[in-house]
Amino acid sequence: MTDEPLREFDDGAAFWATRRGWPADLHDAFYRDRWAINDGTFTDEWWTATLPWLHRWKATRGATSAHLTHQFRRHRNELRDIWGTEVVPRLAEDITTVRWDDVKALPDMAARIKPTRNGSGVFPSKFAHFVSPRLFPVLDKTALPGRQHNYGSYFRLVQQTWADTSPQDQRRLRQRLAEIITATTGQEPFKRFPTVNKIVELRLIGRQHPTPL
């Protein structure tokens, strides 16, 4: 057990708190609301509710809403198939219990909705995260060390970072995350909150943005 994982986490949480528009509850309310509307049907109503969040999370840069909507509708049936075969069987799991090759079909399909020349993982990660937050971590190049990662390598980085954390520190980190959410919301974190993904995200932010001594 070391203090480094908690120091990284606390530095990441401190940086998070300085960002305008980044909610103090670490998106706990967002996950409660999103879970209520996500049933894998990928209807126009789902897309209408999702697209503004993709804008807000800065995943749509360089593409118009009309183009993204056209592409989403074009690939809707494939998304439904992937939901049924790849996501539904793993809804009770999280990133710690799956392999990239088992779940990559969803972000790979999302990349066809918003293709980029450099294969950026930002849109695929956020689209997939909105569909299944516990399976798919967010790749955000404004805060995370993501410029050297495609989404597959970033996914594995999140897995490895957590696997390299001792069980004692994993418990301490889970507790620290829950304390932040409870202090903000007055209630326990959402039971399907993407705990591991958020903890590692905050740790990686902390590495990039350490609090000055």
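Lysine 126 forms a salt bridge with aspartate 140, and their closest N and O atoms are 3.8 Å apart. A salt bridge here is a side-chain nitrogen of Lys or Arg within 4 Å of a carboxyl oxygen of Asp or Glu. This is a predicted model, in which local features need pLDDT of at least 70 and side-chain atom pairs count only at pLDDT 80 or more, while totals for chains, interfaces and linings use all residues. Residues are numbered from 1 along each chain as its sequence is written, and side-chain values use heavy atoms, with hydrogens and water left out.

**Salt bridges**

- Lysine 126 lies in helix 8 (residues 122–131) and aspartate 140 in the loop between helix 8 and helix 9 (151–163), so the pair ties together parts that are 14 residues apart in sequence. Helices are DSSP runs of H or I with at least four residues, numbered from the N terminus.
- Lysine 126 counts as buried, at 1% relative accessibility. Aspartate 140 is also buried, with a relative accessible area of 16%. Buried means under 20% relative accessible area, exposed means over 50%, and partly exposed lies in between (1.4 Å probe, protein chains only).
- The structure holds 16 salt bridges.
- Another of them joins arginine 207 to glutamate 8, with the closest N and O atoms 2.9 Å apart. Arginine 207 lies in helix 11 and glutamate 8 in helix 1 (residues 4–18), so this pair ties together parts that are 199 residues apart in sequence.
- Arginine 207 is partly exposed at 41% relative accessibility, whereas glutamate 8 is buried, with a relative accessible area of 3%.
- Arginine 172 forms a salt bridge with aspartate 169, and the closest N and O atoms are 2.9 Å apart. Both residues lie in helix 10, three residues apart, about one turn of the helix.
- Arginine 172 is partly exposed, with a relative accessible area of 26%, and aspartate 169 is buried, with a relative accessible area of 2%. Salt bridges that share partners join Asp3, Asp169 and Arg172 into one network.

**Helix packing**

- Two packed helices are described by the angle between their axes and the distance between the axes. The axes are lines fitted to C-alpha atoms, for helices over the stretch in contact, and the angles run from 0 to 180 degrees between N-to-C directions.
- The axes of helix 10 (residues 167–185) and helix 11 (residues 195–208) come within 10 Å and cross at roughly 90 degrees. That makes helix 10 roughly perpendicular to helix 11. Angles under 35 degrees count as roughly parallel, over 145 as roughly antiparallel, 65 to 115 as roughly perpendicular and the rest as oblique.
- On the helix 10 side, Leu173, Arg174 and Leu177 meet Thr195, Val196, Lys198, Ile199, Leu202 and Arg203 in helix 11. Contact means heavy atoms within 4.5 Å.
- By class, this contact of helix 10 with helix 11 has five nonpolar, one polar and three charged residues. Ala, Val, Leu, Ile, Met, Phe, Trp, Tyr, Cys and Pro count as nonpolar, Asp, Glu, Lys and Arg as charged, and the others, Gly among them, as polar.
- The axes of helix 4 (residues 65–74) and helix 5 (residues 76–87) come within 4 Å and cross at roughly 55 degrees. Helix 4 is therefore oblique to helix 5.
- Phe72, Arg73 and Arg74 in helix 4 meet Arg76, Glu78 and Leu79 in helix 5. The classes in this contact are two nonpolar, no polar and four charged residues.

**Nonpolar core**

- The largest nonpolar core has 55 residues, and those with the most contacts inside it are Leu106 and Phe127. The largest share of this core, six residues, comes from helix 11. A nonpolar core is a set of buried Ala, Val, Leu, Ile, Met, Phe, Trp, Tyr and Cys residues joined through side-chain atoms within 4.5 Å.
- Not counting residues up to four places away in sequence, phenylalanine 127 touches Phe42, Trp46, Trp47, Leu54, Leu79, Leu106, Ala110 and Ile113.

**Single residues**

- Alanine 128 lies in helix 8 and counts as buried, at 0% relative accessibility. With residues up to four places away in sequence left out, alanine 128 touches Leu106, Pro107 and Phe136.
- Valine 88 lies in the loop between helix 5 and helix 6 (100–103) and is partly exposed, with a relative accessible area of 38%. Valine 88 and valine 103 are 15 residues apart in sequence and 11 Å apart in space, C-alpha to C-alpha.

Technical notes: Helix = DSSP H or I, 4+ residues; strand = E, 2+ residues; numbered from the N terminus.
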